[in-house]
Amino acid sequence: MSAEQTQGNGWIQCIHPEDRQRVLAVWQRAVQTGQPCEAEQRLCQGMTGAYRWFLMQATPYKDAQGTILTYIGTCTDIEEQKQVEQKRIAEALHQSQERIHALIGSNIIGITSSEVEGEVLVDANEAFLHMTGYSREEVRSRTLPLALFTRSAVASCGPSIATNCR
């Protein structure tokens, strides 16, 4: 990108499309308030077209009267830090999911997972399957409506859900 192309807001074209609106808002707020700014953004490498993560920081340069003459900025390559961060997040999510599955699987309380849009059950633990008499395949078939398991529906089934509500 040439120097002429970066004039005005032309520089925004170097930023990943998903980051542009957010970064432009940070920049505009800094210019309006005269404050420094900082944003993480993905910048396009001119030669390859690949994007890498950078930390952009800009500080206003002022004259003796406090008038902003320009902004002085840096872009620091943080691609490796972002990759480490993403790996750490993925590992934490995996560990969290394992703990939840262990908790749900060992619980004596019936626990289900539902699909809100379709208003159907999508999974259940063994305790729920035992209490209701449904099989895992029936639950995972996504054909059991949530309405079957509301407080009023369950109350009308009497003492044995597994035999009275099928």
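**A working chat about the predicted model**

Colleague: What pattern does the protein follow, read along the sequence?

Modeller: Read along the sequence, the protein follows the pattern α-β-β-β-α-β-β-α-α-α-α, which gives six helices and five strands. Helices (H or I, at least four residues) and strands (E, at least two) are DSSP runs, numbered from the N terminus. This is a predicted model, in which local features need pLDDT of at least 70 and side-chain atom pairs count only at pLDDT 80 or more, whereas totals for chains, interfaces and linings use all residues. Residues are numbered from 1 along each chain as its sequence is written, and side-chain values use heavy atoms, with hydrogens and water left out.

Colleague: And how much of the protein counts as buried?

Modeller: Of its 166 residues, 23% count as buried, where buried means under 20% relative accessible area, exposed over 50%, and partly exposed in between (1.4 Å probe, protein chains only). The accessible surface comes to about 11,600 Å², and 54% of that belongs to carbon and sulfur atoms; such areas come from the Shrake-Rupley method with a 1.4 Å probe, and for residues only the protein chains shown count as cover.

Colleague: Which residues form the largest nonpolar core?

Modeller: That core has 12 residues, namely Ile 12, Ile 15, Val 23, Val 26, Ala 30, Cys 37, Ala 39, Leu 43, Phe 54, Met 56, Ala 58 and Tyr 71. At least two residues of this core come from each of α1, β1 (37–44) and β2. A nonpolar core here is a set of buried Ala, Val, Leu, Ile, Met, Phe, Trp, Tyr and Cys residues joined through side-chain atoms within 4.5 Å.

Colleague: What does Ala 58 touch, leaving aside its neighbours within four places in sequence?

Modeller: Ala 58 is in contact (heavy atoms within 4.5 Å) with Trp 27, Pro 36, Cys 37, Tyr 71, Ile 72 and Gly 73. There is also a second, separate core of seven residues, which includes Leu 121, Ala 124, Tyr 134 and Val 139.

Colleague: Switching to rings, how many aromatic pairs does the structure hold?

Modeller: It holds one. The ring centres of Trp 27 and Tyr 71 are 4.9 Å apart and the planes stand at 65°, so the pair is edge-to-face. The two residues link distant parts of the chain, since Trp 27 sits in helix α1 and Tyr 71 in strand β3 (residues 68–77), 44 residues apart. For the rule itself, rings of Phe, Tyr and Trp (its six-membered ring) pair if their centres lie within 6.5 Å, and planes under 30 degrees apart count as stacked, over 60 as edge-to-face and the rest as tilted.

Colleague: OK, salt bridges next: what is the count?

Modeller: The count comes to nine, a salt bridge being a side-chain nitrogen of Lys or Arg within 4 Å of a carboxyl oxygen of Asp or Glu. One of them joins Glu 18 to Arg 42, with the closest N and O atoms 3.3 Å apart; this pair links distant parts of the chain, Glu 18 being in helix α1 and Arg 42 in strand β1, 24 residues apart.

Colleague: Are those two partners buried or exposed?

Modeller: Glu 18 counts as exposed at 63% relative accessibility, whereas Arg 42 counts as buried at 17%. His 16 lies in the segment before α1 (17–33) and, at 15% relative accessibility, counts as buried.

Colleague: Which residue forms a salt bridge with Arg 52?

Modeller: Asp 77 does, with the closest N and O atoms 2.9 Å apart. Asp 77 in strand β3 and Arg 52 in strand β2 are 25 residues apart, so this pair too links distant parts of the chain.

Colleague: And where do Glu 85 and Lys 82 lie?

Modeller: Both lie in helix α2 (residues 79–106), three residues apart, about one turn of the helix.

Colleague: Last one, what does Lys 62 touch?

Modeller: Not counting residues up to four places away in sequence, Lys 62 touches Gly 34, Thr 67, Ile 68 and Leu 69. Lys 62 is found in strand β2 and is partly exposed, with a relative accessible area of 42%.
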